[in-house]
Amino acid sequence: MITFGKVALLFVLFQVIAVSAQTVTKVMDNGPDGEKLTFVVLGDGYASGDQTKFAHDVDTLVVNGVFSHDFYKDNVSAFNIYRVDLISNQSGVSTPTFKKNTALKVIFSNDWARCWLEESSDTDQLVTQAASQIKKYDYVLIIANEKGY
């Protein structure tokens, strides 16, 4: 007979294994990470069928978006960017009234006063686990699979 404690431990082990098995791609490589500011880009609400969209979103919004303008464009050689392909069980992200089963459990509030996106009680832990696949990183960016913003 399995007790609750063992089930919880098995779930945590499965969660760590599932996160560590995700694909990591260095999408901008300007040298050793220890010499660059390193960004890790995580996606939430991208199910297995949405992974091509996530790769496109990272390319469009981050690599050819943020890093093709102003300060970042002028200093692009100072940065490295990694994309971590997290697979959510459901496409899209939660709202305050409707929960979805996603990799990072991000909540889209659609409210400026609440910063548009919020975290659930375990989002920080899930983000830390996913980003830990990169030895050295400075910043984590999260892209939510949400049309509302």
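In which strand is the place of Ile 107? Ile 107 sits in β4, which covers residues 107–108; strands here are DSSP runs of E with at least two residues, helices are runs of H or I with at least four, and both are numbered from the N terminus. A word on the ground rules before we go on. The model is predicted, so local features need pLDDT of at least 70 and side-chain atom pairs count only at pLDDT 80 or more, while totals for chains, interfaces and linings use all residues. Residues are numbered from 1 along each chain as its sequence is written, and side-chain values use heavy atoms, with hydrogens and water left out.

Back to Ile 107, which counts as buried because its relative accessibility is 10% (buried means under 20% relative accessible area, exposed over 50%, and partly exposed in between, with a 1.4 Å probe and protein chains only). Thr 123 is 16 residues from Ile 107 in sequence, and their C-alpha atoms are 9.6 Å apart.

Lys 105, in the loop between β3 (79–85) and β4, has a positive phi of about 60° without being a glycine. Its relative accessible area is 28%, so Lys 105 is partly exposed. Asp 70, also not a glycine, has a positive phi near 45°. Asp 70 belongs to helix α3, residues 70–74, and counts as exposed because its relative accessibility is 64%.

Now let us turn to another aspartate. Asp 50 lies in the loop between β2 (37–44) and α2 (51–63). Asp 50 is buried but has no salt bridge, meaning a side-chain nitrogen of Lys or Arg within 4 Å of a carboxyl oxygen of Asp or Glu. The nearest side chain of opposite charge is Lys 53, 7.1 Å away; Lys and Arg count as positive and Asp and Glu as negative, with His and the chain ends not counted. Beyond its neighbours within four places in sequence, Asp 50 is in contact with Gly 45, Ser 91 and Asn 145 (heavy atoms within 4.5 Å).

Finally, the second largest pocket holds about 180 Å³ of space. Its lining has 11 residues, and those closest to the centre are Lys 53, Ala 144, Asn 145, Glu 146 and Lys 147. A pocket is an open set of points on a 1 Å grid over the protein atoms alone where a 1.4 Å probe fits, with protein on both sides within 12 Å along at least five of seven lines; lining residues have an atom within 4 Å of a point. The largest share of this lining, three residues, comes from α2.

Technical notes:
Grid points are joined across faces, edges and corners, and a volume is the space filled by probe spheres set on the points.
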